[in-house]
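These are my notebook entries on a structure that is new to me. I set down what I looked up, in the order in which I looked it up.

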There are 2 protein chains.
Amino acid sequence: MSSVRTIAEEAGVSITTVSRALNNDVTVSRKTRELVLAIANRKGYVARQGRRITTNIGFAFTLGQTLATVFDSALLEGICRGVDECGFDVTVLNLQRDKKPNETYTQFFMRKGVRGVVLRTTHESRRVCDAIAEEGFPMVVVSERFESENINYIDCDSKTDSRRAVEYLLELGHRRIAFAMNTVPDCDHMDRFEGYKQAHATFGLSVSEEIVFRHQASLVGGATVMKLAMAMSDRPTAIYLADPLLAVGAINKAHQMGVAIPDQMSIIGFDDAEVRYAVYPTMTAVCQNTSYIGFEAASRLTLMLASGERAGFQKTIPSFFEVHQSTGAPNATSGS
Amino acid sequence: MSSVRTIAEEAGVSITTVSRALNNDVTVSRKTRELVLAIANRKGYVARQGRRITTNIGFAFTLGQTLATVFDSALLEGICRGVDECGFDVTVLNLQRDKKPNETYTQFFMRKGVRGVVLRTTHESRRVCDAIAEEGFPMVVVSERFESENINYIDCDSKTDSRRAVEYLLELGHRRIAFAMNTVPDCDHMDRFEGYKQAHATFGLSVSEEIVFRHQASLVGGATVMKLAMAMSDRPTAIYLADPLLAVGAINKAHQMGVAIPDQMSIIGFDDAEVRYAVYPTMTAVCQNTSYIGFEAASRLTLMLASGERAGFQKTIPSFFEVHQSTGAPNATSGS
DNA sequence: AACAGTAATTGCAACAGTTACGCGAACTAG
DNA sequence: CTAGTTCGCGTAACTGTTGCAATTACTGTT
């Protein structure tokens with residue numbers, strides 16, 4: 001077991017200095033701090049209360065807003081269940097808000113008293129994940145994928161089912177199928193776009209760029225997609241909207257415009273919660289068990305911390321495709 | 001400042017025994033434990049890491065499930081913002097799961113290393129709030145109301161706007177207005193029922209029990225309400241559904257049954273998030289700023305902890321009423 | 001270059017809480 | 001009455017943190 005004493009001995013400084021270095025006290029010199037942190041990371045130092053080792057993990061956001069979406073909430077719900085097995089607790093952290101500019105990620109997490117972290121990130125802040133992995137702090141990233149074997153992640157593959165979903169539309173007879181995705185091109189949305197393209201390739205069809213929409217993932221964005229699609233001269237007969245808010249916004253706009261779903265327009269959405277049952281008509285959707293992603297991430301992380309083994313893991317769990325009422329054959333101009 | 005030393009001295013035992021009593025170690029006798037806990041509570045003991053006082057508050061659930069609803073999520077989102085001001089962090093706790101049967105609430109919270117707690121409770125577990133208040137542990141209850149001045153709470157008054165909402169329907173000319181609420185009669189739902197009754201009283205009308213529905217707060221529950229309402233010989237022309245899921249379920253069922261909203265049936269829902277914009281037609285609703293409730297609770301609690309003052313507070317914040325597209329004059333049988 | 005003053009670093013010691021181990025008392029069994 | 005067991009508690013050794021003092025390094029002046 002590494003303690004401030006053993007680190008102090010190896011670094012040739014006092015335990016006071018070690019404590020201060022770990023807590024990012026300004027009075028400790030840069031050279032000393034770096035030496036101490038290097039040893040602490042190598043020895044796998046964990047902060048304690050008295051002799052007791054803390055059993056908290058962090059749910060950390062690299063972005064400014066915490067828990068902004070239902071996705072985040074579902075994730076946290078799963079995390080809370082996942083830590084249960086090993087008796088850990090969850091603390092919500094916000095890197096952008098609380099991390100001081102001159103402290104390392106490891107220092108930050110130790111200051112907050114967590115032994116590991118489930119990281120909720122976006123495509124833009126992937127470098128944060130790289131940095132934390134480099135420091136060696138126990139971490140699992142959710143919903144991003146990495147090539148490096150140093151970075152643990154739990155990810156959902158929505159490409160396969162996106163392909164299946166679009167193939168389903170093609171088999172129903174649709175030939176002009178629009179696609180809508182978020183403006184921010186993260187792994188997930190790119191996957192779904194890839195599946196969309198693959199399905200077309202399988203049927204020997206080409207993808208027309210003019211019916212690939214990129215809009216902000218919001219109700220308004222979805223409404224815009226529906227408006228634009230309906231205004232086209234060569235109007236699509238179906239849309240796959242790769243985000244829950246886009247999908248719901250489009251469906252409601254269709255109602256408002258008097259566009260019958262699925263008779264005049266088939267809709268496939270993406271659902272990372274239980275939204276598909278909360279719209280009319282119930283939404284055919286590629287679905288992600290977000291709660292399970294959180295569960296799996298927290299479960300594995302805490303198991304790793306409890307056992308002391310540092311074996312990395314990278315897991316991709318499958319999505320699932322559910323057919324409900326928002327899809328049908330094209331041009332069925334009859335009124336249901 | 002009280003420490004295990006000072007408590008030990010006053011109790012006439014060793015610091016070891018105090019530590020064990022506070023951590024609910026089985027080896028300490030009941031009499032000694034009770035003595036130590038009494039002194040600790042009286043002196044306002046807080047656990048520390050080294051000399052540093054912890055700055056965590058708990059978000060605790062008395063129920064089994066944590067973060068089951070969007071209400072919980074919105075609450076937590078607000079709490080995370082609320083603790084920001086005083087630099088606290090939030091840890092998610094589950095009383096039913098983690099609290100050992102033979103430990104006090106204070107012991108539990110100290111074991112988890114939190115200095116205060118925002119309590120999410122239900123009507124059935126009000127006695128838990130009483131118990132924690134009696135122990136004197138810093139706490140704020142959200143969304144329940146109490147007579148006792150010992151219990152701090154932040155609550156939302158949805159009675160006034162419920163009355164206003166139903167009065168709005170009455171002024172539109174509706175005379176047979178149904179009401180739907182959860183089977184579990186908590187403060188909030190009773191408030192809304194009260195507002196519903198007051199509005200009727202203002203107009204000199206009586207409330208008919210056969211159009212007061214009590215169903216599980218779910219989409220299916222809402223669908224059931226719509227079905228039952230439409231099947232009545234003396235059919236209501238409007239429904240106030242005092243729960244988001246009930247409201248959404250009813251609206252979607254109306255679509256499925258071919259019931260036009262608002263022409264054949266006006267709907268007023270209750271919204272504790274942003275659901276009113278996510279349905280078609282956009283939903284006239286009594287709304288609760290759930291995130292603000294969480295913010296206010298956490299903000300006040302942390303301010304109290306940081307300042308050391310133990311002044312109790314009980315605050316009721318107002319709801320707001322928004323008129324959207326789901327309400328109109330009754331029997332407007334035109335198909336617009 | 002020498003010196004004084006100031007800021008930056010560091011360590012000592014006293015503090016915060018927890019726990020392995022052992023001791024003694026009380027209780028039980030033969 | 002003795003041996004073994006259990007219970008309750010304390011000593012001492014461990015965990016990390018911090019106020020204060022001491023030391024070191026740097027900076028400006030003569």
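This is a predicted model: local features need pLDDT of at least 70, side-chain atom pairs count only at pLDDT 80 or more; totals for chains, interfaces and linings use all residues.

Residues are numbered from 1 along each chain as its sequence is written, and chains are lettered from A and ligands numbered from 1 in the order in which they are written.

Entry on the two copies. I superposed them by least squares on the C-alpha atoms of residues with pLDDT of at least 70 in both, and chain A can be laid on chain B with an RMSD of 0.1 Å by a turn of 180 degrees and a shift of 0.0 Å along the axis. That is therefore the relation of a two-fold axis. The same surface serves both copies, since 100% of the contact residues of chain A recur in chain B (contact: C-beta atoms, placed from the backbone, within 7 Å).

Entry on DNA strand D. I counted a residue as near if its C-beta atom, placed from the backbone, lies within 6 Å of the strand. Of the 25 residues around DNA strand D, S3(A), S19(A), S14(B), G50(B) and R52(B) come nearest. Helix α2(A) gives the most to this surface, with five residues (helices are DSSP runs of H or I, at least four residues, numbered from the N terminus). By class, I find six nonpolar, 13 polar and six charged residues near DNA strand D (Ala, Val, Leu, Ile, Met, Phe, Trp, Tyr, Cys and Pro count as nonpolar, Asp, Glu, Lys and Arg as charged, and the others, Gly among them, as polar).

Entry on DNA strand C. The largest share of the surface, five residues, comes from α2(B).

Entry on a helix pair. The axes of α4 (residues 70–82) and α12 (residues 290–307), both of chain B, come within 6 Å and cross at roughly 40 degrees (axes are lines fitted to C-alpha atoms over the stretch in contact, with angles from 0 to 180 degrees between N-to-C directions). I therefore call α4(B) and α12(B) oblique to each other.

Conventions: Helices (H or I, at least four residues) and strands (E, at least two) are DSSP runs, numbered from the N terminus. Angles under 35 degrees count as roughly parallel, over 145 as roughly antiparallel, 65 to 115 as roughly perpendicular and the rest as oblique. Two residues are in contact if their C-beta atoms, placed from the backbone, lie within 7 Å.
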